[in-house]
Amino acid sequence: QVQLVESGGDLVQPGGSLRLSCAASGSSFSINAMGWYRQAPGKQRELVASITPGNSTKYADSVKGRFTISRDNAKNTVYLQMNSLKPEDTAVYYCNAGHYRYGGYYPSDYWGQGTQVTVSS
């Protein structure tokens with residue numbers, strides 16, 4: 001069983017920055033591939049960024065160059081640094097403790113409760 005707790009969501013002005021954290025417990029965090037997702041009202045949940053145990057990363061086109069995913073295995077925590085935020089980044093952000101398969105990230109059923117990010121002036 002894996003428990004995930006996200007934090008760091010807030011109200012921020014366009015162009016601002018936030019860093020989200022996802023603390024994991026109950027598993028061998030270092031072998032998990034991790035993913036950050038977001039879900040805006042009325043939209044499907046989408047994968048924003050992922051990171052493998054070896055720190056290979058992938059990003060959705062909409063956030064490339066603005067968001068950075070990283071992990072600290074000593075703290076069992078994955079981060080999402082979000083810069084140059086736009087109103088369309090407004091969503092609930094979730095982390096997922098996924099599987100590392102075939103060199104990449106695959107989602108599992110382990111989700112956090114989410115953290116709200118609102119980008120508005």
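Ser 50 is in contact with Met 34, Gly 35, Ser 56, Thr 57, Lys 58, Ile 69 and Tyr 105, leaving aside its neighbours within four places in sequence. This residue belongs to a predicted model. The chain holds 11 strands and 0 helices. Its residues number 121, and 42% of them count as buried.

**Overall build**

- Read along the sequence, the pattern is β-β-β-β-β-β-β-β-β-β-β.
- The C-alpha trace spans about 40 × 30 × 25 Å along its principal axes.
- The radius of gyration is 13 Å, which agrees with the value near 14 Å that a compact globule of 121 residues would have.
- Take the contacts between residues at least 6 apart in sequence: 56% of them join residues at least 24 apart.

**Surface and charge**

- The chain exposes about 6300 Å².
- Carbon and sulfur atoms supply 46% of that area.
- There are 11 positive and 8 negative charges.
- The mean positions of the positive and negative charges are 5 Å apart.

**The largest nonpolar core**

- This core has 27 residues.
- Trp 36, Leu 80, Met 82 and Tyr 93 touch the most other members.
- Seven elements are listed as giving two or more residues to the core: strands S3 (18-25), S4 (33-39), S5 (46-51), S7 (67-72), S8 (77-82), S9 (91-101) and S11 (115-119).

- Ser 50 lies in strand S5.
- Ser 50 has 8% relative accessibility, so it counts as buried; the cut-off is under 20%.
- Among the contacts of Ser 50 are Met 34 and Gly 35, along with Ile 69 and Tyr 105.
- Ser 7 lies in strand S1, which covers residues 3-7.
- Ser 7 has 38% relative accessibility, so it counts as partly exposed, between the 20% and 50% limits.
- Ser 7 touches Arg 19, Leu 20, Ser 21 and Thr 115, not counting residues up to four places away in sequence.
- Ser 7 and Tyr 94 are 87 residues apart in sequence. In space, Ser 7 and Tyr 94 are 9.6 Å apart, C-alpha to C-alpha.

Definitions and conventions. Residues numbered from 1 in each chain as written. Predicted model: local features only at pLDDT ≥ 70, side-chain atom pairs only at ≥ 80, totals over all residues. Heavy atoms only, no water. Helix = DSSP H or I, 4+ residues; strand = E, 2+ residues; numbered from the N terminus. Rg over C-alpha atoms; globule rule 2.2 N^0.38 Å. Buried < 20%, exposed > 50% of the residue type's maximum accessible area, 1.4 Å probe, protein only. Contact = heavy atoms within 4.5 Å. Areas by Shrake-Rupley, 256 points an atom, 1.4 Å probe, with all protein chains shown as cover. Lys, Arg positive; Asp, Glu negative; His and termini not counted. Charge placed at Lys NZ, Arg CZ, Asp CG, Glu CD. Core = buried A, V, L, I, M, F, W, Y, C linked by side-chain atoms within 4.5 Å.
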